[in-house]
There are 2 protein chains.
Amino acid sequence: MSQLLRKNIEAISPLTDDEFEYILSHFEYKKFKKHSFLVQEGNDVRCEYFVLKGCVKAYITDKTGKDFIFQFGTEDWWITDREAFFKKTKATHNVDCIEDCEVLGITLANREKLASEMHKYEHFLVMRANLGYVSLLKRIQSMIMEDAKERYEQFIEQYPKFHNQIPKSLIASYLGISRETLSRLYRV
Amino acid sequence: MSQLLRKNIEAISPLTDDEFEYILSHFEYKKFKKHSFLVQEGNDVRCEYFVLKGCVKAYITDKTGKDFIFQFGTEDWWITDREAFFKKTKATHNVDCIEDCEVLGITLANREKLASEMHKYEHFLVMRANLGYVSLLKRIQSMIMEDAKERYEQFIEQYPKFHNQIPKSLIASYLGISRETLSRLYRV
């Protein structure tokens, strides 16, 4: 299953077998049960995670206890509280498992070690960060410009797997609409 | 004025005088008049720009001709159509000058040359991309969770300079509210 990680890196930086084995040795394989936390608000953020199997959601809880989902992560996605991870501060949001998950985690120390040792890996990191930036920017554009129906259609187009994998109530939260509104769009 | 660029890079990667001079030699200094375009939809995106002076806005125009501002850039900011710049495709949005501007531009070829020659510079790029990602993610969280008043207050807090520098009608567009609603918030 670690081949998924190799494929993810090689989409940007092709690797030899030895290089990939070396990179992989800096990751730790972990299993998480449904509802358990990869990142928990107020705690240290030990790792950045690459999802091998399953699906997670990232969300903030406001003062009234309402959850706001702002990201999903499924197979082949990277997820953590990136700010807390880099700044070594406490997490300001949660990432938990919608279903049983298997992930590869890397600590900041190992990430920086790899980046300083392998220019190829640092190149991969910079390109991945740039692509992530572009994808968030598109999401902001969509939030500003599009109505609920267009955003839902875009969601399905962008994440065809998610569409079946994630409970509709969570998709509604992500899109910032009610479960009822989503049901209406879903039936159209 | 190029010291602004040095300060920006050195916030992440300290440089010797020679290293900075070498980096700077890969940038071109340009002046843009108010209303002129750094990036124009449908055109090639030649450079990524670091703003030395002035203020720019990035926006998309929808089918009905309505503009949606999704980013501002002022002194000490980097701006371009990042996706088109990296993928060498045509721009999908505009970046134009709200006032007369002075910028330093770097082509993709020069950016990649510097990154491959100087590990320090690649490290700067990866950290900058990560911080940019974090800042967009916070913006998405704010768009999902906060009402117009909270978003406006956050805008003032985050960009104290912008608050005076940018016409209120443009701030209203950025916040996704009407000019009238902003006026009400502004008076409170």
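How do strand S4 (residues 55-61) of chain A and S5(A) pair, and over how many bridges? They pair in the antiparallel sense, over 7 bridges. Keep that pair in mind, as we will come back to it. One caution before going on: this is a predicted model.

Let's stay with the hairpin. There are 5 residues between S4(A) and S5(A). One of the residues in this hairpin is Gly65(A), and its phi is positive, near 95 degrees. For a landmark across the two strands, take Ile60(A). Its bridge partner in S5(A) is Phe68(A).

Now the sheet around them. It is open, and it has 4 strands. In chain A, the order is S2-S7-S4-S5, and the pairing is antiparallel. Which strands stand at the edges? Strand S2 (37-39) and S5 of chain A do. Each has a single partner strand, so one side of each has no neighbour in the sheet. From one strand to the next, the twist averages 30 degrees.

How many residues of chain A are in contact with chain B? The count is 26 residues of chain A, against 26 residues of chain B. On chain A, three elements each supply at least two residues of the side that touches chain B: strand S5 (67-74), helix H3 (82-87) and helix H5 (119-145). H5(A) gives the largest share, with 18 residues. By class, that side of chain A has 15 nonpolar, 6 polar and 5 charged residues.

Do the copies meet through the same surface or through different ones? Through the same surface, because 100% of the interface residues of chain A are also interface residues in chain B.

Next, the symmetry. In general, two copies of a chain are related by a rotation about an axis and a shift along it.

Let's move to chain B and look at another sheet. This one is open, with 4 strands in the order S1-S8-S3-S6. The pairing is antiparallel. Its edge strands are strand S1 (28-32) and strand S6 (78-79) of chain B, and each pairs on one side only. Strand S3 (residues 47-53) of chain B pairs with S6(B) in the antiparallel sense, over 2 bridges. Within that pair, Tyr49(B) stands opposite Ile79(B). Helix H4 (residues 108-117) of chain B lies across S3 and strand S8 (101-107) of chain B. H4 runs at about 65 degrees to S8(B).

Last stop: a helix pair, back in chain A. Helix H6 (residues 148-158) of chain A packs with helix H9 (residues 179-187) of chain A at an angle of about 70 degrees. Their axes are 10 Å apart. H6(A) and H9(A) are therefore roughly perpendicular to each other. Their crossing is right-handed. Which residues make the contact? From H6(A), they are Ala148(A), Lys149(A) and Tyr152(A). From H9(A), they are Thr181(A), Leu182(A) and Leu185(A). By class, this contact has 4 nonpolar, 1 polar and 1 charged residues.

In chain B, look at H6(B) and H9(B). Their axes cross at roughly 70 degrees and come within 10 Å. That crossing is right-handed.

Terms used:
Residues numbered from 1 in each chain as written. Chains lettered and ligands numbered in written order. Predicted model: local features only at pLDDT ≥ 70, side-chain atom pairs only at ≥ 80, totals over all residues. Contact = placed C-beta atoms within 7 Å. Pairing = 2+ DSSP bridges. Axes fitted to C-alpha atoms, helices over the stretch in contact; angles between N-to-C directions. Nonpolar A, V, L, I, M, F, W, Y, C, P; charged D, E, K, R; others polar. Parallel < 35°, antiparallel > 145°, perpendicular 65-115°, else oblique. Left-handed = near helix turned anticlockwise from the far one by under 90°.
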